[in-house]
Amino acid sequence: MNILSETEPLSKHTASSSETSLPMCCLQCGSITFKKNGKYPRKVHCDSESEVVNPTNIQRYYCFGCKHTFSVLPAWLAPKRWYLWAAQENALRALAILGYSIRMISKRSRIARSTLKRWFNRLKDRFSDHADQLKQLLPNVLGRTEDAISFWKAWLSHFSLSQAMGQLQAAGIEIP
């Protein structure tokens, strides 16, 4: 699964339509010979449980070169998660920039504390891999950060979380 580098508005992705740009090549073998191979639905939660874009249809492709199927996610949609990158970014901003506790973020966003803890723990656990790659984009700003909170605080003042994850994915680094 790949993430598109350009961002797309959420309003384009309703129950009836979620077209994304055609990929340049197969994500497995690099072949340029592939075709559309149906769609699959994804449940997507926005900032709270009550806001659901359901379902969001994701285009699947079949590669003639390696005989595998693959799909390309829009940049606003996190792989293997129900929440958008924007919901995760809002929670991270509340923690890193505003200094809110996980309990307060959970109350305000109506996202379970266990979900928030899992997001923050994944970002902390993968911090060194992510920081090494992303510091190359803003060495003067990000190079001075020492811990995960200060790093993400500095990153979010210049870029979005979805841009960070797109950069990491393009570099072949596992995203949380």
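Reader: At what relative accessibility does Arg93 stand, and how is that value read?

Author: The general idea is that a residue counts as partly exposed when its relative accessible area lies between the 20% limit for buried and the 50% limit for exposed. In this predicted model, Arg93 has 27% relative accessibility and therefore counts as partly exposed.

Reader: With which residue does Arg93 form a salt bridge?

Author: A salt bridge is read from the distance between a side-chain nitrogen of Lys or Arg and a carboxyl oxygen of Asp or Glu, with a limit of 4 Å. Arg93 pairs with Glu89, and the closest N and O atoms are 2.8 Å apart. Both Arg93 and Glu89 belong to helix H1, where they are separated by 4 residues, about one turn of the helix. Glu89 has a relative accessibility of 10%, so it counts as buried.

Reader: How many salt bridges does the count come to?

Author: The count comes to 2 salt bridges. Besides the pair in H1, Arg126 forms a salt bridge with Asp129, with 3.4 Å between the closest N and O atoms. Arg126 is partly exposed because its relative accessible area is 21%. Asp129 has a relative accessible area of 37% and is therefore partly exposed.

Reader: At roughly what angle do the axes of helix H1 and helix H7 cross?

Author: The reading takes two values, the approach of the axes and their crossing angle. The axes of H1 (residues 85–96) and H7 (residues 161–170) come within 8 Å of each other and cross at roughly 115 degrees. The class from 65 to 115 degrees is roughly perpendicular, and H1 and H7 are therefore roughly perpendicular to each other.

Reader: Which residues of H1 and H7 make the contact?

Author: On the H1 side they are Trp85, Gln88, Glu89 and Leu92, and on the H7 side Leu161, Ser162 and Met165. Sorted by class, the contact of H1 with H7 has 4 nonpolar, 2 polar and 1 charged residues.

Reader: Where is the place of Ser71?

Author: Ser71 is in strand S4, which spans residues 69–73. Its relative accessibility is 6%, and Ser71 therefore counts as buried.

Reader: With which side chain does the side chain of Ser71 make a polar contact?

Author: The partner is the side chain of Tyr40, at 3.3 Å.

Reader: What is phi of Lys67, and where is Lys67 found?

Author: Lys67 is a residue other than glycine with a positive phi, near 65 degrees. Lys67 sits in the loop between strand S3 (52–63) and S4. At 55% relative accessibility, Lys67 counts as exposed because the limit for that class is 50%. Arg110, likewise not a glycine, has a positive phi of about 60 degrees. Arg110 is in the loop between helix H2 (102–109) and helix H3 (113–125).

Reader: How many helices and strands are in the protein, and which pattern does the protein follow along the sequence?

Author: The protein has 7 helices and 4 strands. Along the sequence the pattern is β-β-β-β-α-α-α-α-α-α-α.

Reader: What share of the residues is buried, and what share of the contacts joins residues 24 or more positions apart?

Author: Of the 176 residues in the protein, 44% are buried. Among contacts with a separation of 6 or more, 57% are between residues 24 or more positions apart.

Terms used. Residues numbered from 1 in each chain as written. Predicted model: local features only at pLDDT ≥ 70, side-chain atom pairs only at ≥ 80, totals over all residues. Heavy atoms only, no water. Axes fitted to C-alpha atoms, helices over the stretch in contact; angles between N-to-C directions. Helix = DSSP H or I, 4+ residues; strand = E, 2+ residues; numbered from the N terminus. Parallel < 35°, antiparallel > 145°, perpendicular 65-115°, else oblique. Contact = heavy atoms within 4.5 Å. Nonpolar A, V, L, I, M, F, W, Y, C, P; charged D, E, K, R; others polar. Buried < 20%, exposed > 50% of the residue type's maximum accessible area, 1.4 Å probe, protein only. Polar contact = N/O pair within 3.5 Å; in protein donor to acceptor, adjacent residues only side chain to side chain.
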